[in-house]
Amino acid sequence: GEDVEQSLFLSVREGDSSVINCTYTDSSSTYLYWYKQEPGAGLQLLTYIFSNMDMKQDQRLTVLLNKKDKHLSLRIADTQTGDSAIYFCAEVGRGSTLGRLYFGRGTQLTVWP
Amino acid sequence: KAGVTQTPRYLIKTRGQQVTLSCSPISGHRSVSWYQQTPGQGLQFLFEYFSETQRNKGNFPGRFSGRQFSNSRSEMNVSTLELGDSALYLCASSLRDQETQYFGPGTRLLVL
């Protein structure tokens, strides 16, 4: 659970869909999270998915989980300028590191009007 | 319910000084975790406390320490500050350990 990877930048036009991708390392991770960080702020929990699920939808957000490929994605429908922020994927540690979150470097989403 | 609160929000210190940061978890939450965020290293885990016991510790030098009180509030202390300690320090709370973590706004520390 120590090497979560994300692409660093994504630009989309307002109204389009955004897809932010993440790969994680520990196939036995129980929960995977998406957090959002706006400038100068802390992390806001957006959504999470339990490892026995393939998909979770929450209003404009859709999370897809491919356990075989250890791939997680966050789709934001009808992206708005207010969605511009950094999005972090995180997995929960296992064994001796249970409970601690391992984060990717974050994807900077820029939404153009 | 009020969210996680952290004080102070901003802090400027000089090298060699020490600093104490405070975190009040969401009411009813008993687990508190601390993370350091820097542009170079990203988000790194510092430690986790549950019921006043440190359950987990990240890979930081002994200058970084913490504690949790009986009311679940937590403090972290950094002694002998170095320039590289400049960072955003984030606190997160969860109902119990190993559960979903909710973050506070962070304390931005600048070491000169």
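Trainee: How many salt bridges does the rule find across the interface of chain B and chain A?
Mentor: Keep in mind that this is a predicted model, where local features need pLDDT of at least 70, side-chain atom pairs count only at pLDDT 80 or more, totals for chains, interfaces and linings use all residues, and side-chain values use heavy atoms, leaving out hydrogens and water. A salt bridge needs a side-chain nitrogen of Lys or Arg within 4 Å of a carboxyl oxygen of Asp or Glu. Across the interface of chain B and chain A, the number found is zero.

Trainee: How many residue pairs are in polar contact across that interface?
Mentor: Here you look for a pair of N or O atoms within 3.5 Å; within protein, one must be able to donate a hydrogen and the other to accept it, and residues adjacent in sequence count only if both atoms are side-chain atoms. With both residues at pLDDT 80 or more, the residue pairs in polar contact between chain B and chain A number six.

Trainee: Which strand gives the largest share of the side of chain B that touches chain A?
Mentor: The contact (heavy atoms within 4.5 Å) takes 23 residues from chain B and 18 residues from chain A. Strands are DSSP runs (E, at least two residues), numbered from the N terminus. In chain B, β4 (31-38), β5 (42-50), β6 (53-57), β9 (87-94) and β10 (102-103) each supply at least two residues of that side. The largest share, four residues, comes from β5(B).

Trainee: How many residues on that side of chain B are charged?
Mentor: Asp, Glu, Lys and Arg count as charged. The side of chain B that touches chain A has nine nonpolar residues and ten polar ones, and its charged residues number four.

Trainee: Where is the proline whose peptide bond from B:T7 is cis?
Mentor: Residues are numbered from 1 along each chain as its sequence is written, while chains are lettered from A and ligands numbered from 1 in the order written. Most peptide bonds are trans. The bond from B:T7 to B:P8 is cis, with omega near -10°. B:P8 is found in the loop of chain B between β1 (5-7) and β2 (10-13).
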